[in-house]
Each structure stands twice: as C-alpha cells, then as structure tokens.
Amino acid sequence: MSASSLLNDEVFRLRLLLAAMLLALGTLVARLYWMQVTNAALFQHNLSEQSIRRVYVPGQRGQIFARDGTLLAANQPSYNLVLYLEELRRPGRWQNTVTNVEAVVQQLARLLGQPPQLKRSDILAHVHRRLPLPLVAWRNLTPVARARIAERTLGWRGIAVEVEPSRVYPEGPLAAHVLGYVKRAEPELGEDDSFNYVEPELTGAAGIERRFDHALRGAPGEKIIAVDVSGYNYRYQLPGLADKLGHRDAVAGRDVLLSLDPRIQRLAENALDGLNGAAVVLDPNNGDVLALASQPRFDPNELTGFIPTETWQALSQNPDKPLRNRTISENYAPGSIFKPVVAMAALDLARASPNTSYNCPGHFMLGKARFNCWEKLAGHGTLNLHDALMYSCNVYFFNLGLHIGPEVIHDRALELGLGARSGIELDGEVPGLVPDDEWKRRERKAEGGWREGDTCNMSIGQGAVLVTPLQMANVAAVLANGGKVWQPHLVLGLRDAQGVWQRTPPKLTRVMAWNANHLRLVREAMCDVINAPTGTGKHAKIAGVLVAGKTGTAEHGSKGEGHKWTWMIAFAPYDAPRYAVAMLVEEGVSGGSTVAPLLQKMMQGIFHPDNAEGEG
Amino acid sequence: MSFFRFPRRLLRLDWTLVLAMLALFIGGLCFIYSASYRAAELPVSNPLAQKQLRFGLIGLAAFLAMALLDYRRLRDLAWPLYLLGVLGLALVLVPGIGKKMYGAVRWISLAGMQVQPSELAKLATILVLARFLSNPGRDPAHFSYLALAFVIVLPPVLLILKEPDLSTASTLLGVTLIMLFAAGVPLRTFVILLCGGGLVIGALFALLFLKPDWVPHLGYVKERIIVFFDPGRDPLKTGWNAIQSALAVGSGGLWGKGYLQGTQDVLGYLPRTVSANDFIFPVIAEEVGFVGSSVLLSLYAVVLFAGVRAAAVAQDKMGRLLAAGLTGLVFCHVFVNIAMTIGLLPIMGIPLPLVSYGGTFVVGAMAALGLVQSVYVRRRL
C-alpha cells in the first residue's frame, strides 16, 4: 500500500468517525423529538401533577334582604394576620419549622397583647394538610392591632395582614333565628373536583344561611399555585406554569329576598323582650311570613368567625335556649286557641248550629272523672257557640267534642296544617301532633285505645295536641282569609346572575269548604273576644282597627305544677285582614292577662307606628 | 520575523470552531444564570454565572495559548505531563489531600482552588497516546501497538475508577478506542477489540450484580443501572434525578417555556447542587424546548466537524491523532451527558463541555480545543 493510499485511508477513517459521531448526536435529537414534541403533553401533565396545586377559592357569599330591601346579612372585610410558612421554614426536620412558627406566634401574641389563637397542634396540622397556603394566626384584627402590626413588624419575614370576607348582620339580633349564622367549615367536594387544597369557607350553620347555603355560596373558583420540592408555596410569579393551566374565577352566590317585614319583626321581638316566647305574623292573603320572632334571641354576629368557647357555651347551655327557634322547633299544647278549629269542624259537620247550647256549671263529669272549666266556681251557665268561644268555655267544648266525635276534629285540624310540618324554608321544623285512636294505640300502649276523656282534652286543645306558633298563625290566617290554606312563605325569591329577582310564587295548599255563615259566626265570636268588654282578650284591643282573636292558656307538665303556655291568635283588620298572628309566652299567667297586652302593643305598633311605645 | 508570525497564525485559526465554542460558552453562561436565578433575590448578582465568566476568560487564554503553542513541542512534554496527571490522581486518593464531594473524592486544593486532576490526566493521556501511536517505528497491525496503548491508558483509568468515577474512566477508554481507530489499527483487529471490550464490560456488570462484595466502591454504579431500567423503583431517592430531568426536558415542548421560566430548577425538583453543572441540559431543554436543544446539538456538531477537519488536514500523524482524540473526548462528554438526562443512559457524573458550570472543566475543554487549533493552524497547505 502506497503512502498516499494509506493517507487516504486515514482520512476515510476520520470521515467514518465523524459520521458515527453525528449519527450519535442524531439519535439524541430523535429521542428529544420523541420527548419534547411527540410526548410533550404527557410530560407537561406529569410535571403539573408534582408542582401544581389547585386551591379552592370560595365565591362571594350572597346577601340576605328583607322585603323592603333592608340588608339583613352582608359581607365585610375581615383582617387576618397570616404567616407564610415558606418564609419561616427551617432546614431539617418538620418539627424545626413548627417550632419556629410557634415562636413567631408567641412573639406576635406579646406584641398584640392577645393570647394565641393557634396551638402547636394547629400549626402541625397546617404543615401536614395545607403547607403551601398561608396559615391564619389571628382572625378579625382590630384596627389597633392592625396599626400595631404595621408599626412594629417592619422587616419581619413571613407575616402579613390579609383580607378575607366575613359575615355581618347589620341589624344585630333582629330575626336571628330566621337568618341563622355561619361558621367556617371545609366545603364538601364533588367527585369531579380536583382541588388539592380547600380552605375553610363560610358555611351556613342555621336558619336561612343553612337552608339556602347552596345558593348563597355560589360556585367556587380555583387558584393555581406552584409548590417547590418540599411542598412549600413558591410565591413568585411563574408565568410559564400557571398561565397554561388556566384558572377559574369563583362565581358569587345568589342573594336571598325574605318576606320578613323588619318593622313588624322588630315589634314582635320587642313585644316579647325579656320573656321566653314566640310570635309569628303572616300575610293571610298569600302566606308571606312577615315576622318570625323567638325570644330569647342571640346576636349572630357573635357566632361568626372566631367564637370564644365561653360565648358558645353561654349560648348553647343557657336553660332558656336562646338558639332555639320557638316559632317552628318547639311543640306546645295550644289550649283554647284550638277551639275555633273545633267550632268550625262542628258547624261544617252540621252536628252543631249557632244555637246549639250547653249548660256550664263550672265542671263536667265524665263518669267519675271531673273536668273543670276555667270558671270552675260559678260556671258560665247556659251558652251558645258564639258565647262559648267568646268566654272560652271548656264545658261547652267538652260537650261539643263528645257530640261530634274526635275523628272530625282530627281531620279538620290536619286540613288546616296542624300535625304536619308547614314546609317553611327553614330546617328544624317540628310537625306537632294531632292525636287519634291509631296514634294512641301505637304510642301509649299502656292506656289502651282512645277514650272519651281524650276527646274532651282534644276539644279544648289539651291532652296530646301539640302545635307550633307558626302552625297556629297559619290557622289564624285561614280564619282571616275565609278558608285558604297557604304554605308559609319565607323566601320570596333569589337574585339571578343578571341581578334580577327570580320570585317563587306563593303556594295554595288547600281551600276549606267552609260555609260562609259558619265562618262569620266564628269570626264574630273572635272579634268579640277582643272588642267586647267581657271578652277574654279585651286587653288586646286597639283604637281604630278591629282585631279579632282568641286567647289560650294551656297547662303542661304534671298537674298541679301550674306550668302554663299562654297564647293568642289574632287577625286584623277584621273586615279585610292583612295580618294573621300567633303569639306565645311560656310560663305566662293566662292568654288574656299575659299575651293580650303584648299583642296589643305589637298591633298598636303595626297600625299606629307614630304613637306606638317601645319601638326600637 | 517572529513578531509577525504571531498574528498570522491567529488568522489561520478555524473561526467556525471559535464561534461555535464561544456560542456554546455564552449560551451556557446564560443558562447557568437561569439555573441559579431566584426570583426571590434581586437579579443583579448571580455568583455562579460571574464565576463561570471568570473561568471562561481563563479558558480563552488557555485556548489561545494552546493554539499558538506548536503541538510538536509537546511531544517532549507528553511524558512529564502524563506523570504529573497520574501523580495528581494518586494525590486525590491520599486522605487529607483529596476533597470529598457528593460521595466521591475527585478534587484537590491547589492555590486555594478546587482542581480535578482527572482533567489534566485526560489531556495528558491523549497527548501521550498521540505521541506513542504516531511513532513511525510502530506498526498499527502489530499486537504490541494495541497492548502498549492500553498499558499507557490503564494507570489513569484505574486511578479514576478508584475515586470512584466510572464515567470519566469509561470516557477515557472511549477516547482510546477512537484514537486507535484513527491511527489505522486494522479493521479486523478493531472489531475483535470492540467485542473483547464488550465482554469485559459484561463481565464487570456480572461481577457487580453477582459478587458485589468484590467491587464495593462501585456499588453506586449498580444502583444507577437498576434505576436506569426502572426509574419508578425508587422515585424519591435514586430514581429522582432521572425522573426529574426527563420531566424538565419533556415538558419543554417544541419551543420551551421561555428563558428564566423553567420551573423544575426554580422549584427545586432538579436538585440545585447539580442543575448548573451535570444537569444543565434539562434546564436548557425546559426553557428553550426542542428547537433550542437542536440548536445546541448543532453547535456541538460544528465543533466535532471542525475537530475532525483539523485531524484530516493535520501535517503529521501525531497532529491527526491529537485532534481526533481531543474531538473524541468532547464527543464522549456531550453524548453521555445528554443521553443520561433524557433516559438513554444511566445517570453519570459527567458535565456538558463548555456549557456546564465548573472551572477546571471549562478551562480544560477550551485548552483541548486550543490544542486542536494548534494542529489546524499548522495544517498542510
């Protein structure tokens, strides 16, 4: 082989070498194409799985309005002191970071002069469960505290004041039982939700806030955050990351419009101030709930946000049960306010007429059992149905009840909405009870079946009969409007996304087939209850407006202990009723002496707002 | 006369190679900045990029010095340099002198700087090989030609293996093969050699898996090989870097996420201890995508082309072998480094020439290319 051919051979080898090296680089390019072009989406997906977290962002909660536009539940900014753990982290074990955060909290507590709201276990839980999110150390900072933080924490790392919406009830305790209150709770997520972190959200815990929680809450949005390899939030902009993944804005919740009339609600609550009782005012023409008052009451503002344990215990363990909505959640014997129901049943059955008369010697003997009239010494003498209602004679109704039988009373009572939940838009309603033979055989096995004594008790709204003030207000409304049974209607509508109120129409559940003459008789008697000088409810009379009604005094508990629930139902004005009322006072003396003056005060306020006393 | 030879030689430099080298270095500088960039800090000071720039300037000086130096004069210096390199490698293993980092002893302190003696040893070995293989008295077809070549290579390879640094050691073996091929070892001999080498490697792996006690300091190699075939096996520890660098590369897509906008490094998924040096490629690939990665590889292709061209036009055999060996060295590093970050090879501690952060390596790579230029400027005309 010549020298030149050897040289040529060597150059050829070098070319081969170069080709091999370029081929190897080509392999790399092919592999890169496979990764970065063919399968880029897969790698991008896996990358976001490890470094992207979706955070649940609550929508702005809807507000609650009264029928006249008064704002009853609103949102206001609350200032929270938050800690950014990514700036307070310490290398090494997690405990080091927790200890450092705890030390910062202690320092802040001294600075603020307030005890820490966080325990070490809270910090630990936050580190485990939502490390990249800010840790709220104090909620609801006062302006003083905020100023102090602004002045004294310059240069501190990892602390900030953040604004968070909180719930406020501008009218304070007004209609607290209707509105309810909110607590912070973690929302329940659907299966399709892909949130990695959920922050506690304002959640309805009672009342309208709870019943309409879904509508008030709106739809959550999501915030995309990047987490570093340790799981801490990476707080600086990474436009390359979040933009491509898209984030969703939260949708504000819907506003709720209540049928409540704040003026009447306030009058009702003020009338019962200092007592344990309830008052319901309905519009008999459509079932609108104008007032739903329960006393004692509470201020929902105290239950929103951070609740000190003492506050909660004081409310929940108070024997007067201020958290209980007595208008719907408590069963009461109606006593004599049940008598118009019995009277209408008897008249409609044609087993009684306006002239049906019985003699009242002050008591009634059923076999050997003695049933007293409340006028037990003198008795009422012989009276007709009108007078029996006006004077609320028990003996008359014992006779009448036995004469017509318990079944018809039971059936009519059910038709009027007793013994069943009214369907008002609130949770925690109790159905009450209208007993019958079947019920007694089921629930009171020891006593055997239905007896005549049970009929006597039922005829005067005693025995096992139980009602709620709302149910009795609805009975008053049916008597007021001539037989239309409306479903009590508390929520007039919700505001849609365009800002238009979508109203829910009132619901007529039944029209009683009442004879007009019979109805007139009972209504006249109820008018005389208040407006005749001898009526049991004469203390409820107001000037200028005819108010019709019926008093009631129901005994409960063991005989002789003298526990009484005192009642009135009423409607007004007599000729064209606009208001139907039920008012209850626990442990009163009698409907006529205890409730009538309170009802009078409320009615006075409703009809004569200018010279009413005690309006707030 | 000698006064005028200076710039004339400079004019004969291969400017394609110079430009590609500068482009790679400056590009690397940008991504070292990106890899050590933290939005949290003011972006004015970036110690790694600044240091790298200083190394680069030293490297450029070394490049020019080597280019102007007549490589034929190195013929006499080859053996002393080789001995110096081997001595350095031996010093590394002396407790108290060698500095341990990331589980391996690869550094010694020299005048306050951390130096990797293996860099010098690699260059010196190539130089000695070039001198030996170009000796006109030796026949490439003769057995002693091959055997003596390996005798030369073996001491530094074994010392490097002892650090342990399997990847550098195998790079040196790869370069030896390239030089033997370029030196004209008959093709049949060469194929037999390749097969034999494959058998040796196979035996070594078998040893690694069957009798791990015999090669205790290479345990990490076994681990990396297992992880290479099954990265999900231990994703949080040994498989971590492979998984995270693949995620960075793949998620870059066609155009990348944009300069300074890669997330794998900023969020710490690519460990910050390696993202500026051995794993600089994932940082680049994430931010500039397939297009940018292809540009990077094209620049290396230019360097390789220029290197092989220098070998082809070399005045003598030593020059040819020197240029081929040094080009092969660059190639081995580029290929192994990128291949490991995209899942084609097990994870190895090999930096990307001219681009990765690291003083000794930048100076070494530029000096190597300077030597290639020394061959080129003295080419046959």
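These entries follow what I looked up, starting with the contact between the chains.

**Entry 1: the contact between the chains**

I reminded myself that this is a predicted model. I then looked up who takes part in the contact, and found 37 residues from chain A and 42 residues from chain B. Which elements give two or more residues to the side of chain A that touches chain B? I noted α1 (3-38), α2 (40-51) and α10 (239-245) of chain A. The largest share of that side comes from α1(A), with 19 residues. I also sorted the residues on this side of chain A by class, and they divide into 24 nonpolar, eight polar and five charged.

**Entry 2: the domains of chain A**

Next I checked the domain assignment of chain A, which gives domain 1 (1-37), domain 2 (53-258) and domain 3 (262-318 + 329-611). Taken over C-alpha atoms, the centres of domain 1 and domain 2 of chain A are separated by 62 Å.

**Entry 3: chain B as a whole**

I turned to chain B and found 13 helices and three strands. Of its 381 residues, 49% count as buried. I also looked at contacts in chain B with a separation of 6 or more, and residues 24 or more positions apart account for 70% of them.

**Entry 4: α3 and α13 of chain B**

Two packed helices are described by the angle between their axes and the distance between the axes, so I looked up both values. Helix α3 (residues 47-68) and helix α13 (residues 359-377) of chain B pack at about 25°, and their axes are 7 Å apart. The crossing of α3(B) past α13(B) is right-handed. Among the residues making the contact I marked B:F55 and B:F63 of α3(B), and B:M366 and B:L369 of α13(B). By class, the contact of α3(B) with α13(B) has 16 nonpolar, seven polar and no charged residues.

**Entry 5: α2 and α3 of chain B**

My last stop was helix α2 (residues 15-35) of chain B, which packs against α3(B) at an angle of about 160°, with the axes 8 Å apart. Angles over 145 degrees count as roughly antiparallel, so α2(B) is roughly antiparallel to α3(B). The crossing of α2(B) and α3(B) is right-handed. I saw B:F25, B:L29, B:I32 and B:Y33 of α2(B) meeting B:L48, B:A49, B:Q52, B:L53 and B:G56 of α3(B). The contact of α2(B) with α3(B) divides into seven nonpolar, two polar and no charged residues.

Definitions and conventions: Residues are numbered from 1 along each chain as its sequence is written. Chains are lettered from A and ligands numbered from 1 in the order in which they are written. This is a predicted model: local features need pLDDT of at least 70, side-chain atom pairs count only at pLDDT 80 or more; totals for chains, interfaces and linings use all residues. Two residues are in contact if their C-beta atoms, placed from the backbone, lie within 7 Å. Helices (H or I, at least four residues) and strands (E, at least two) are DSSP runs, numbered from the N terminus. Ala, Val, Leu, Ile, Met, Phe, Trp, Tyr, Cys and Pro count as nonpolar, Asp, Glu, Lys and Arg as charged, and the others, Gly among them, as polar. Domain bounds come from an automatic or database domain assignment. A residue is buried if 20 or more other C-beta atoms lie within 10 Å of its own, exposed if 12 or fewer, and partly exposed in between; C-beta atoms are placed from the backbone. Axes are lines fitted to C-alpha atoms, for helices over the stretch in contact, and angles run from 0 to 180 degrees between N-to-C directions. A crossing is left-handed if the near helix is turned anticlockwise from the far one by less than a right angle, and right-handed if clockwise. Angles under 35 degrees count as roughly parallel, over 145 as roughly antiparallel, 65 to 115 as roughly perpendicular and the rest as oblique.
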